[in-house]
Amino acid sequence: MVINRNEFLSARNLKWGGSLFAFLFLAFGLVFSWQSWRAEKAGEIQHLSALVEVGEKALDSYFSQFERALDLLGRDVLDQDGELDAQRAQNVLKRFIEVHTELPDIALVRSDGQILVTAKSAPGAVLPSVANEPSFIQSREQLLKGQTLSIARPLIGLVVKQWVIPFRYGIRDKHGKLVFVITAGLPLSKPQSFWKNALLPEGTAASLRRDDDYVVSRYPIPDDVNLEEFYGKPMINALGQHLRREGYPVRGVVEGTGSLGRTNLLFVFHRLSSYPLTFSVVTPLSSIRAKWWSKVRSSYLLVLVLMAGGFAVFRWTLKRQVTWESERQQKHDQELETEKTLRDTLVREVHHRVKNALQGAILLMENSRRAGSGLPVAIEPAIARLYAMATVFGLQASEGDPHVLLCKLVPEICGTLAKTMECTIEPVIETHTVRAVQIADKEAVPVALIINELVFNAIKHGGLGVPVKVFLNSDGESASVRIVTSGAELPPGFDFESGAGIGTGLRLVKSMLKRDSTRITMTSGPEGVTAELVLRPPAIKPAPGIPDSAAPIRTP
């Protein structure tokens, strides 16, 4: 016997439990991953925020000190009357760059853009004009509006010929009119020096940007980047868009695309307190994920090992459970099969003994009838009824099934009556019969007695030597047994439905009918008297795979 392990309730429960555990384990893994990632990301943001805050304070302090130094320089570069002495001014500028060694040079520029003197220019040298330089024009406009110091976008200085950050400080006369501009080119390396020692995480860059999206300085700069494109054009990225949209907040965190085309970046920024500049650090989220993975990798490996071990134990347990259930089911099926065999044997034995007892009673009654006891009229119907009951028990015993086939019961009854009554009975299975039917266990004896009584009644009232015809028809849903007595007529006033004119035998038949499943009609016509028994469920049920035509009726 093939055992389907899915039919075992314990195995199904074990599977459901394993699935639920796996689901909860997976849910825990997802929650753990999300929480640990958020914690790692928050920790990284906190670390970068601390770096940004320190960098912002350092830059703001340096720029403020440099602005104060330029203010003092602006007071010293002119004489007491506010007039310019070129030689005196150059000496002052030289002393200034001796103090501020990070400056390659410093220049004094007239408000119209003409460079008057630099710290390193030769006496009487002809110096260029920056009147048409966009950076100078923009800074001059800012100074004319009252701003004291302008930090311009990086450029290659006309004098020093290197990338510098122009710091322009305005010198005004006693009426507040802008007359001169001190221009100091701060090397890009100076702001970067604040960040080089900050131990930036791997892949992280620090930058200082203006509000017009121009980068003032950045560290590190990728090797494949053109400085003219990097510093000479606005760097549009997620940080600049956020700053403009939010009105340049003091600090914050932004995720998005960088100006170099890189995606999934994390920006942490802080705006300088005294200047329209924003200091930020940017790091790829992939770097944070790499750190996070390096921390949780061992945990995930351990979890995978535990899951693999748990799955192996689960499969072993399920297999053992299925094996045990299969053995138990097989043993149970064997016990049921043994019980069924014993029960069927007992039933057949009981039916056989009942049949033998009935045949014994029939033999005694036959002997009495032949001895001329004077009771043949009473004995013959009783013998016929006992034969009918014996037929039922005999079929049940031989077939090993309490459900008797109608196509076998009718021929047996006809054959027994023909032999007992010494007459001819012609049983016929009609050709349009399509499916055999079984008689319900509890209805087998009543149906047999009804058929026996109808056939016996037809023999008793038929003409001498005229055969009785019995027709059997069934379609699987219903069945009919028609008994035709040729040459006979119903007596006047006979009505089976009302019970008028019926004898003891038909009265017995009428008492055994059930309204929902058995019905009898008796009619009289040219062909004689026809009695038809119609059977319907639950008195009968289809017999699968056994057509009536497969069991021909035979009579002795």
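**Basis.** I worked from a predicted model, in which local features need pLDDT of at least 70 and side-chain atom pairs pLDDT 80 or more, while totals for chains, interfaces and linings use all residues. Numbering runs from 1 along each chain as its sequence is written, and side-chain values use heavy atoms, without hydrogens or water.

**Whole chain.** I looked up burial and found that 42% of the 556 residues are buried (buried is under 20% relative accessible area, exposed over 50%, partly exposed in between; 1.4 Å probe, protein chains only).

**Salt bridges.** I found 13 salt bridges in the structure (a side-chain nitrogen of Lys or Arg within 4 Å of a carboxyl oxygen of Asp or Glu). Lysine 41 and glutamate 255 form one of them, at 2.1 Å from N to O. This pair links distant parts of the chain, 214 residues apart, with lysine 41 in helix α1 and glutamate 255 in strand β9 (residues 251-256); helices (H or I, at least four residues) and strands (E, at least two) are DSSP runs, numbered from the N terminus. Lysine 41 has 18% relative accessibility and so counts as buried, whereas glutamate 255, at 42%, counts as partly exposed.

I next checked aspartate 213 and arginine 209, whose closest N and O atoms are 2.7 Å apart in a salt bridge; both residues are buried.

Aspartate 212 bridges to arginine 210 at 2.9 Å between the closest N and O atoms. Arginine 210 is buried at 8% relative accessible area, and aspartate 212 is partly exposed at 26%. Arg153 joins these two in a salt-bridge network.

**Surface.** I also noted phenylalanine 23 in helix α1 (residues 9-76), which counts as exposed at 55% relative accessibility.
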